[in-house]
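Good morning, colleagues. I would like to take a few minutes to go through the strand pairing and the chain contact in the structure on the next slide.

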Amino acid sequence: MPILHNLAMRPIRAWLPALVFCAAIHTARGDWILSTSAALNHDNNLGNAQNAASVVADSRAQANGSVLQQILWDDGLSLSAGGDLSGELYDHFSALNNASIEGSLSLKKKWGLGAFAPWIRAGIAVGRVEYDDRYRDATLYSASLEAGQRLDERWDLWAKYAFDSRRAAPAESDLYGVPSDVFSQRGQSFKVGVQYSSSERMRLTLGSLVRHGDVISTTQPSAGIFAYSKAVAPDPTFGPDAYAYRLVGTTFGARLGLEYSLTTHSLIGLGFQRLDTHARGGINYGDSMPELTWNYQF
Amino acid sequence: MKLKKITAAVGLIVGCAALAHSAELHVTVKDQKGKNVEDAVVLAVAADPRNAQRSKPPLGAVDQVDKQFVPYVKPIFVGSTVRFPNSDNIRHQVYSFSPAKKFELPLYAGTNAPPVIFDKPGVVVLGCNIHDWMVGYIYVAETPFFAKTGPLGTASISDLPPGEYRVRIWHPNMDRAEETTNRRIMVGAEPVAAAEWQIDLKASIRVPRVSGAASPSYP
């Protein structure tokens with residue numbers, strides 16, 4: 001399977017430094033944290049198209065494994081270093097199947113003892129994602145600052161600011177003189193979340209997001225969107241006449257989730273996410289995604 | 001040497017005689033729905049203080065297994081010393097803010113944490129500063145006569161000198177003050193006295209252990 005090839009072979013250059021990094025951290029005497037997750041979701045506007053004729057939907061399965069090495073100090077300071085291995089399989093748009101690997105480093109400070117002490121965390125991450133269609137392949141960079149506090153056993157609050165950057169090679173294009181690095185993006189986002197435990201096993205999570213930066217919309221050729229695009233390139237994954245346009249836009253999002261603890265180590269969840277993007281030139285599109293999730297923490 | 005042997009023999013006889021006259025209190029605890037209540041502490045306070053005399057409290061232990069306190073509820077006699085071994089292959093930082101005992105054990109692995117003396121009666125809530133979902137309870141009893149209910153909701157306090165006792169129940173999720181469960185029970189007329197309690201439990205809410213994708217507080 002191409003995705004297995006992606007997973008094992010192509011990011012091999014990224015594996016080696018990650019392993020060396022983990023080995024170096026391990027010598028500093030840390031605690032291992034292992035977790036895994038999976039999700040099934042349906043995206044009703046996969047290409048982020050505005051025009052109804054260009055809107056396509058698909059379902060996908062996602063899986064993720066994460067390993068972290070955490071170094072702790074008595075004063076509430078902790079350093080976490082680790083890696084994530086993820087994969088996505090699409091039902092119809094198999095060219096979007098992808099595998100990714102990411103290494104992360106974060107420093108967390110908790111003020112005080114106990115579950116209700118406020119905390120803050122700064123982190124950076126570097127990753128690589130490779131798709132079956134190849135031209136979406138990109139190197140991922142992100143930096144984030146998070147803060148949160150559990151108010152009591154029922155209520156938990158947090159907020160996160162993140163800068164994200166995605167660097168992809170320019171796509172092959174027949175549009176001379178027009179930048180074609182359409183899959184390179186940068187943006188900044190701010191998220192807030194609140195979780196309410198209605199019982200020992202059931203939790204309700206509400207999150208909202210604002211992101212400003214580059215967005216990609218794949219649609220049929222249009223002079224209207226072309227005029228406001230920073231880069232344009234053919235996107236044959238969505239059909240022979242489809243083009244991907246990189247625009248500057250602001251995305252507003254909300255996610256509602258219901259989680260149920262199956263065991264002390266695992267939970268399942270139902271979620272619904274809605275994203276609305278407003279890009280320059282009146283290019284607006286929406287995206288809804290119901291999902292079923294599963295998490296396991298060792 | 002001979003005198004020592006005689007003293008020991010007399011002591012043994014007196015001890016056996018006392019045991020022969022001691023009784024057992026068998027308690028069943030159910031909740032408002034009639035379900036067996038596990039981890040309820042049953043305490044019997046002797047009306048006659050002479051009946052409460054007991055030897056030096058034994059050493060207790062609260063372990064940490066799979067990032068949980070084991071046992072979840074540990075009743076001890078006031079003045080007892082408790083060790084906190086860590087059977088996990090990661091480190092824990094055990095603490096308590098409870099008025100009955102405030103303490104903190106700095107990050108440690110294995111069995112090298114110093115034992116803690118609990119010299120004041122009351123409930124001590126245990127936590128781990130690294131793993132927020134970890135919670136455990138030490139009930140420091142002012143009486144040497146106590147027991148904890150098992151999965152069947154039953155507990156037995158043995159070796160009770162005959163006499164009158166004030167018996168009460170405590171549970172981490174109890175909806176009312178434990179004093180409201182107080183009863184006077186006479187022990188000694190029969191070898192085994194039995195009593196049943198019904199207590200109101202509120203829903204238990206604990207910090208979740210597994211974080212979903214949207215909740216980033218751990219690690």
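Let me begin with a question: which residue of β12(B) does B:V124 stand opposite? It is B:I138. Please bear in mind throughout that this is a predicted model.

That pair belongs to chain B, where strand β11, residues 122–128, and strand β12, residues 135–141, pair in the antiparallel sense over six bridges. Both strands sit in an open sheet of five, ordered β6-β12-β11-β8-β9 in chain B, with mixed pairing. At the edges of this sheet stand β6 (73–77) and β9 (103–104) of chain B; each has a single partner strand, so one side of each is left without a neighbour in the sheet.

I turn now to chain A. Here strand β2, residues 58–72, pairs with strand β3, residues 77–90, in the antiparallel sense, over 13 bridges. Within this pairing, A:L85 in β3(A) is the bridge partner of A:G65. The hairpin of β2(A) and β3(A) has four residues between the strands, and A:G76 takes a positive phi near 85° there. On to the next strand: β3(A) is joined by twelve bridges to β4 of chain A, residues 98–110, and the two run antiparallel. In β4(A), A:A99 is the bridge partner of A:G87.

Finally, the contact between the chains. Chain A contributes 39 residues and chain B contributes 26 residues. On the side of chain A that touches chain B, strand β11 of chain A, residues 243–261, gives the most, with four residues. By class, that side of chain A has 20 polar, eleven charged and eight nonpolar residues.

Thank you for your attention.

Notes
Residues numbered from 1 in each chain as written. Chains lettered and ligands numbered in written order. Predicted model: local features only at pLDDT ≥ 70, side-chain atom pairs only at ≥ 80, totals over all residues. Pairing = 2+ DSSP bridges. Contact = placed C-beta atoms within 7 Å. Nonpolar A, V, L, I, M, F, W, Y, C, P; charged D, E, K, R; others polar.
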